[in-house]
Amino acid sequence: MNHRKLLLFILFFTFYSGFSQSYKPIDTADYILRNDFLKIAKDKNNILIKGFKNRYQSKVVNKLEKYYNEFFAEFEKDVKNKDYTFKSDFDREIDAIIAELKKNNSQIPQNLKVLIAKDNMPNAYCMPDGTFIINMGLFNWLNNKDQVASVICHEIAHNILEHSLNLLVEQIQEDTNDKTTIENLKSVTVNKSSTAFEIFKNRVYKKGIEKRQQEVKADSLGYVLFKNSGFKKIEFLNALNNLKDFDSISPRELKVETYKMLFDVPNHPFKEKWMKSEDFSLYNYDFYKEKLDKDSLASHPEMSKRIEILQKNFKELTSSEAPLKPDANFENLQKIARMEILPNLFHSEDYGIAVYVSMQFLQDKEEEEYYKMWLGKLFDKIYLARKNYNLNRYLDRVEPTKQSKSYQQFLNFMWNLSIDDIKNIADFYNKKGTS
């Protein structure tokens, strides 16, 4: 997960005062449901591999089998790590959307399975075995169930068009061709390294082009599936516009006053030296030049380009309409997704980012009791990490060219805290210190 992106994300929607008073984080520890799912998923994986034998040469089949088995082993670890929900309000909403989509779309797989991931990024994707993953964070950025249905349709289109499989088969074939090319390079005496790099560059650029083309095709077929199902057509475009906003939003800022408000605790007053920042102004960040063009590497076209293509191909999408208002059920899911931001970060052991997020919520005076409770839990983990000399596993180092100034200030603050400072803050927010 791209955690840096989350720093652009904290959170501009109307907050839900009082919701946390009775809120309990989602429990993903359902052993029976997880095991039942894995049995079905393993069988599905084996059936897929057997089907390859009727479509491809044995060398390709062997490599596909190796890849799919390795993929399943990693996926199994994630499932056992409780990264997905199996019995939540999100799952029930998704099941209802899938049932609606299947009514007028016979090409949708009958055994389609969607999992909700404990991930705050507004993202969804189709895995190689055809399992669909929807991140919980998507519910913080979409306005209604029609928009969620549009995202699902896009991912179903990837599956119907076998995009992941086609890319993988092509990669296997290109690996074979590249081996021959590299062998021939051994006899070259001039510019050998630059020639090899050009081969690599052309291949990754080509892959970027193919992935971007796949996204456009998935948009078109996804929209056809969507409009066949009775959902409001313009919501397909509204969903893309919402996600475009995510890509362009400016970082939120933590004020110095917020640090003083939260960390000037009884018997352990705030220290100005905690805010001292390292000076990177003399470092020449232009010294290293990129050899690869990042735009050519991108796997997705710009969101505005995708919207433009859809409007060109489907004239009914040229009009603009305000998004549908969410129904009561979807509003409840939005509330839950918001309350799960901290539990999700805690689950993935992103303790540093979670402190930063908690502070932003508290700066806005949102659900103060709830987020102060999380500060206590998080500083406990940071104290243990500092004590065990492995804090760098949970807290980023300052990288001025990649981070907002606000996040850099936060990281400097966290690294400036002594182990006693951390312990006192943890004790205070865990109600162990003097109140």
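Q: Why is Cys-153 called buried?
A: Buried means under 20% relative accessible area, exposed over 50%, and partly exposed in between (1.4 Å probe, protein chains only). Cys-153 has 0% relative accessibility and therefore counts as buried. The model is predicted: local features need pLDDT of at least 70, side-chain atom pairs count only at pLDDT 80 or more, and totals for chains, interfaces and linings use all residues. Residues are numbered from 1 along each chain as its sequence is written, and side-chain values use heavy atoms, with hydrogens and water left out.

Q: What makes Cys-126 buried?
A: The relative accessible area of Cys-126 is 15%, so this residue is buried.

Q: How many disulfides does a search of the whole structure find?
A: The search finds zero disulfides, a disulfide being a pair of cysteine sulfur atoms within 2.5 Å.

Q: Why is Asp-129 said to have no salt bridge?
A: A salt bridge is a side-chain nitrogen of Lys or Arg within 4 Å of a carboxyl oxygen of Asp or Glu. For the buried Asp-129, the nearest side chain of opposite charge, Lys-44, is 5.1 Å away; therefore no salt bridge is assigned.

Q: Which residues does Asp-129 touch, not counting residues up to four places away in sequence?
A: Asp-129, in the loop between β3 and β4, touches Lys-44, Leu-48, Tyr-68, Phe-71 and Phe-75, where contact means heavy atoms within 4.5 Å.

Q: What makes β2 and β4 a pair?
A: Two strands pair if DSSP finds at least two bridges between them. Strands β2 (residues 114-117) and β4 (residues 132-135) have four bridges in the parallel sense, so they pair. Strands here are DSSP runs (E, at least two residues), numbered from the N terminus.

Conventions
Lys and Arg count as positive and Asp and Glu as negative; His and the chain ends are not counted.
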